[in-house]
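Please examine the sequence and the model before reading each solution.

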Amino acid sequence: MRKLFLLLMGCIFLFFSACKPKVIRIVVDSTLQSEESVALLDKAWQQAKQVKKEDSSALIEIIVHPGEYNLKSPLVITPELNGTSIIGAGSDKVSIKGSVPLDLKWKSLNENVYEATIAENLDFDQLIADGKVQILARYPNYNEDGGMWQGYAKDAISIKRIASWKNPIGAYFNTMHKGKWGGFHFRITGVNADGTAILEGGQQNNRPSAPHTEYRMVENVFEELDSAGEWYLDREKHKLYYWPQKGMDIQKLNFEASVLKSLIEIKGSLENPVKNITIQGIKFEHTQRTFMEEYEPLLRSDWTIYRGGAVFFEGTENCSIEDCEFTNLGGNVIFASAYNKGLKIAGNHIHDCGASAICFVGDASAVRSPAFQYGQFVALDKMDTISGPQNELYPRECIAENNLIHRIGRIEKQTAGVQISMAMDITVRHNSIYDVPRAGINIGDGTWGGHILEYNDVFNTVLESGDHGSFNSWGRDRFWHPKRHVMDSMTTANPNMPKWDAIHTTIIRNNRFRCDHGWDIDLDDGSTNYHIYNNLCLNRGIKLREGFYRVVENNIIVNNSLHPHVWFANSEDVFKKNIVGDAYQDVGLLGWGKELDYNLFPNEESMLKSQIYDRDMNSAFGDPLFKNPEHLDFIVAENSPALKLGFVNFPMDQFGVQKPAYKAIAKTPEVPVLKDSSISNGKSSPVVAWLRNNIKSVDTEAEQSAYGLNMPEGVILLSVWKHSPAVKGNGLKKRDVILEVEGVKIKSSLDFLKITKKYQKLGKIHVVVMRNQAEQNLFIQIN
């Protein structure tokens, strides 16, 4: 019986052994030549295809030994290679490059510049010397601390400057959008009779505008080769010119030129996807710039995009790219296009690249009734009213996790660390993203939500643009219309319309954000169906522009507050149990949402501003008692008044990349200096918004004298909003000083806010003001 049992088990073992796919290893070694190794990656590719042709069930492991591999063309993975792993010896040992080595015979042109002849068929726009990308001859000269474009000049393409160039054709004109909403790039194709440049391009931004008059830079001009590290390629004469850095021996430098736009392309289809591809332990370097390629608009967001990247995924399932390094790449880095399911992008170091780091971008054919620019729309009677996507050509269930991303967007400015558009259920987790020109994370539209953004550390953002956030989103979906009254009427008649595209809630939780040039979190036009909680916002607060169904709770907003902009009367927005560092900064509201309550304000004055509108009636004010803010620990103490309102502490030590090697080198945000939350403390009183007008207490003898007051008491109207109820008719005017309200003397803005709250339901109140050094009695509207 025992022998029979052993025989049976042996048969089972042999059966499963026979069923188990064979694993075939192909060794790639740039130094060895043997039967078990091949010298070049493209040969390994052909060998892998032959193995799969003979045994389609075989699993291929391409083992890449240390070395530098200069590709002649992109490596393409199709479904016939399903189950293939490309495993490098480590990103510090294996490098795949889109460049070719240059064998140059340098001759001195003058005391600074050298020249060399290159092959006639060679064309490139990135020159690398000893592994470092050099500077294409430009004006003004490169300055790392020079702001936009690392140096900008108003006269970059002035008539006078163009006249000083022997051949302007082929120069690149780089300029910011007039509103600093990203950038534009143009090629100069000629010169007009009046001496101005003839420009081709500008397709890199979806909000057309004139070039910014100041933030400009021009490059690829021989006459601008005037500083160390700059180079220029004369394509007609096949001459390369270079000014080496001081102390460098140009004859000993190793030069390379970028010739490829992409390095690896994983391409399948919805019907026949590429499956189970793993890429690991490789450095990717040296692709060409792509800003003059064909771009496509990402619906009605401010973005257009080049649909490509150094590593490109389209039509894939359960693929991954992990533990790799990406640097000195001219365009996008990792691009997931159209149908991708289960793609994992993890543990990568992405830095010093030209455009966006990670992009998840679906195909517009999946969107119902799409429009493609801010002012365009589909009329309601012609609109598809079914919810959700209409086909499957979009990324879903993908993850970007534990990546270190910094210094991207070095060339293009409408870029992001992670970009999401026309996608569903994307997770962005434990990434550190900083030193970027625009948003760290951007969601371009509401289609189709379900994303989770958690435990990210995003800061030093919007460094070369404006009106944006460390996190930014738009939601110009089917309900959105450029004319607000049309949008309001459509959504009133169709309350579920905002969720036709944003069908799933997007969650933003447990992140740390800091933006010094916009907002920490910026939900711009139309952004709908968000749940935002447990976030630490270190500087510029949370902006919610018009949209629907946003729940913002249990966040800490240091030194700032909620910025509600142009809310609809029926927005259903909720803001509760947050710690804020200032009064709300509201603009143009038709309503104050569904619920604003149980929030902790820094002082009574800031709280009263909200209570005027019958909101925050259960909120409180006081010191939140942060335990260790000087070390970015904003846990509140056990006796914090915030806890009594329902606020719950959340972890302060889990933000950003967790991979030990990356965590050791990753930056962290600048520690904010906490503002004094008191009303005056003997200092000049703060400016407070009231009914959209700016007011402050009279608190100096100079103000007493200037306004002709008997005492340094009262409230100065610093500015007025023309639509404020208090200024209508014979109402308040700029520079009025409010002395009394309903017979009660006003000493400070706090007194004023308290008493106007008391009489809020009257609708109209009697005030005494000092105007042009004479007292006047007025009746003003306050609701």
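**Exercise 1.** Are Glu454 and Arg509 buried or exposed?

*Solution.* The model is predicted: local features require pLDDT of at least 70 and side-chain atom pairs pLDDT 80 or more, while totals for chains, interfaces and linings use all residues. Residues are numbered from 1 along each chain as its sequence is written, and side-chain values use heavy atoms, without hydrogens and water. Step one: apply the classes, namely buried (under 20% relative accessible area), exposed (over 50%) and partly exposed (in between), with a 1.4 Å probe and protein chains only. Step two: Glu454 and Arg509 are both buried.

**Exercise 2.** Determine how the side chains of Glu454 and Arg509 meet, and locate both residues.

*Solution.* Step one: they form a salt bridge with an N to O distance of 2.8 Å; the criterion is a Lys or Arg side-chain nitrogen within 4 Å of an Asp or Glu carboxyl oxygen. Step two: Glu454 belongs to strand β42 (residues 452-454) and Arg509 to strand β45 (residues 506-509), so the pair links distant parts of the chain, 55 residues apart. Strands here are DSSP runs of E with at least two residues, and helices are runs of H or I with at least four, numbered from the N terminus.

**Exercise 3.** Which parts does the pair Glu604 and Lys754 tie together?

*Solution.* Step one: the closest N and O atoms of this salt bridge are 3.4 Å apart. Step two: Glu604 lies in helix α5 (residues 604-611) and Lys754 in helix α9 (residues 749-758), so parts 150 residues apart in sequence are tied together. Step three: Lys754 is partly exposed, at 37% relative accessibility.
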